[in-house]
Amino acid sequence: MEEKSDVLSDLAARVPGAVLETSAPLGDLTIVIRPESLFEVAAALKDGPGGFATLLDLTCVDFPDRPDRFEMVYHFFALSGLRRLRVKLRLPASEPAVASLTPLWKIADWMEREAYDLFGVTFIGHPYLRRLFMNEEFVGHPLRKDYPWRKRQPVIPLRTP
Amino acid sequence: MGLNPFQAAWFTTTLNSMLGWGRKYSVFHYPYVTACCGMEYMSAACAHFDIDRFGFGWTRFTPRQSDLLLVVGTICQKQAPILRTVYEQMCEPKWVIAFGACAVSGGIYDNYAVVQGVDRVIPVDVFIPGCPPRPEMVLDSLVKLQKKIQKTDQDWRWKKKATS
């Protein structure tokens with residue numbers, strides 16, 4: 001727990017007021033931050049005392065009932081201490097946008113394109129924000145909860161068997 | 001000229017049957033493998049089950065040289081134009097087998113991305129259900145396809161001249 005409080009105190013010193021909530025479900029520190037301070041928090045984590053130099057995963061969750069509908073989830077990993085850190089931030093339903101982490105981690109490139117493709121979250125500063133999985137002509141974002149689950153958008157006209 | 005032998009009914013049916021016999025035992029297949037059913041295709045094609053025993057020996061890795069298209073695995077909407085192009089590259093006569101639940105009906109993937117059965121994209125002759133199908137089912141479907149090839153009204157070079 002000392003290491004965790006180290007991480008938190010370092011964050012509080014370098015990016016004051018960024019952390020909104022902290023918890024530790026199943027032993028992994030989880031922090032909820034203000035969305036506009038994501039880039040500073042990630043940069044502070046990368047060379048901070050926790051040593052969270054690896055971005056493991058980056059994804060989005062859609063909670064249609066919440067006022068801040070989209071929740072971005074970032075998983076960081078410290079190879080030195082074999083520790084994980086979860087960072088969450090909440091984005092509004094209309095035009096969700098957050099800073100891109102591609103200047104810090106190249107791996108964020110495709111993961112952010114995935115979140116853009118499937119959830120419609122815009123990443124400010126991404127070098128090549130384009131759909132990753134779906135075709136370019138696809139309308140909508142299929143992993144949003146309000147996407148009709150039986151809706152199909154064929155690329156070529158399908159035949160009737 | 002006298003009697004055109006190619007219009008004689010006995011000769012036509014015999015030639016038809018002979019062509020069917022020849023074609024059903026030399027099917028060159030092209031595996032279009034997109035998913036985990038490919039493992040099951042490999043086990044059916046390799047020495048333990050050995051589809052070569054039934055005349056499906058040659059695996060061709062270009063559709064232009066093959067008679068049978070094995071669609072093995074999930075076909076998503078983005079893949080559908082590629083599959084149709086591959087099918088159109090094959091020369092007549094050609095046959096298609098939908099291999100596994102995903103190719104037959106989309107399988108468990110009833111969602112925005114997956115084509116609900118490859119017969120929405122290309123015509124299919126034999127469907128093999130199963131997730132994945134057992135090699136015995138593959139062999140059974142090959143024998144069924146052979147029966148279908150044997151029964152087909154075969155197309156050959158002089159036939160159109162004789163009928164038109």
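Okay, housekeeping first. Because this is a predicted model, local features need pLDDT of at least 70 and side-chain atom pairs count only at pLDDT 80 or more, while totals for chains, interfaces and linings use all residues. Residues are numbered from 1 along each chain as its sequence is written, chains are lettered from A and ligands numbered from 1 in the order in which they are written, and side-chain values use heavy atoms, with hydrogens and water left out.

Let's start with the interface. How many residues does the contact take from each chain? It takes 20 from chain A and 15 from chain B, with contact meaning heavy atoms within 4.5 Å. About 1500 Å² is buried between the two chains, and carbon and sulfur atoms give 56% of that. Buried area here is the accessible area (1.4 Å probe) that two parts lose on being put together, summed over both. On the chain B side, Gln77(B), Tyr112(B) and Arg120(B) supply 45% of the area that chain B buries against chain A, more than any other three residues.

Now the polar side of it. There are 8 residue pairs in polar contact between the chains, both residues at pLDDT 80 or more. The rule for a polar contact is a pair of N or O atoms within 3.5 Å; within protein, one must be able to donate a hydrogen and the other to accept it, and residues adjacent in sequence count only if both atoms are side-chain atoms. The rule also finds 2 salt bridges across the interface, a salt bridge being a side-chain nitrogen of Lys or Arg within 4 Å of a carboxyl oxygen of Asp or Glu. Arg152(A) forms a salt bridge with Asp110(B), with 2.5 Å between the closest N and O atoms. The chain B residues that touch chain A divide into 7 nonpolar, 3 polar and 5 charged.

Side chains of opposite charge can pair when their charged atoms come close. Over all chains, the search finds 16 salt bridges. In one of them, Asp146(A) meets Arg69(A) at 3.3 Å, N to O. Asp146(A) sits in the segment after β7 (122-124) and Arg69(A) in the loop between β3 (54-62) and β4 (70-78) of chain A, so the pair ties together parts that are 77 residues apart in sequence. (Helices, H or I with at least four residues, and strands, E with at least two, are DSSP runs numbered from the N terminus.)

The cut-offs: buried is under 20% relative accessible area, exposed over 50%, partly exposed in between (1.4 Å probe, protein chains only).

Next, Glu71(A) and Lys88(A) form a salt bridge at 4.0 Å, N to O. Glu71(A) is in strand β4 and Lys88(A) in strand β5 (residues 83-91) of chain A, so this one links parts 17 residues apart in sequence. Glu71(A) is buried at 4%, and Lys88(A) is partly exposed at 22%.

Over in chain B, Asp140(B) and Lys144(B) meet at 2.9 Å, N to O. They are 4 residues apart in helix α5 (residues 135-151), so about one helical turn separates them.

Last topic, aromatics. The search turns up 6 aromatic pairs over all chains. Rings of Phe, Tyr and Trp (its six-membered ring) pair if their centres lie within 6.5 Å; planes under 30 degrees apart count as stacked, over 60 as edge-to-face and the rest as tilted. Tyr74(A) and Phe76(A) are stacked, 6.5 Å centre to centre with 10 degrees between the planes, and both are buried. In chain B, Phe28(B) and Trp58(B) have their centres 6.3 Å apart and their planes at 45 degrees, so that pair is tilted. Phe28(B) is partly exposed at 26% relative accessibility, and Trp58(B) is exposed at 53%. Back in chain A, ring pairs link Tyr74(A), Phe76(A) and Trp105(A) into a cluster.

Conventions:
Ala, Val, Leu, Ile, Met, Phe, Trp, Tyr, Cys and Pro count as nonpolar, Asp, Glu, Lys and Arg as charged, and the others, Gly among them, as polar.
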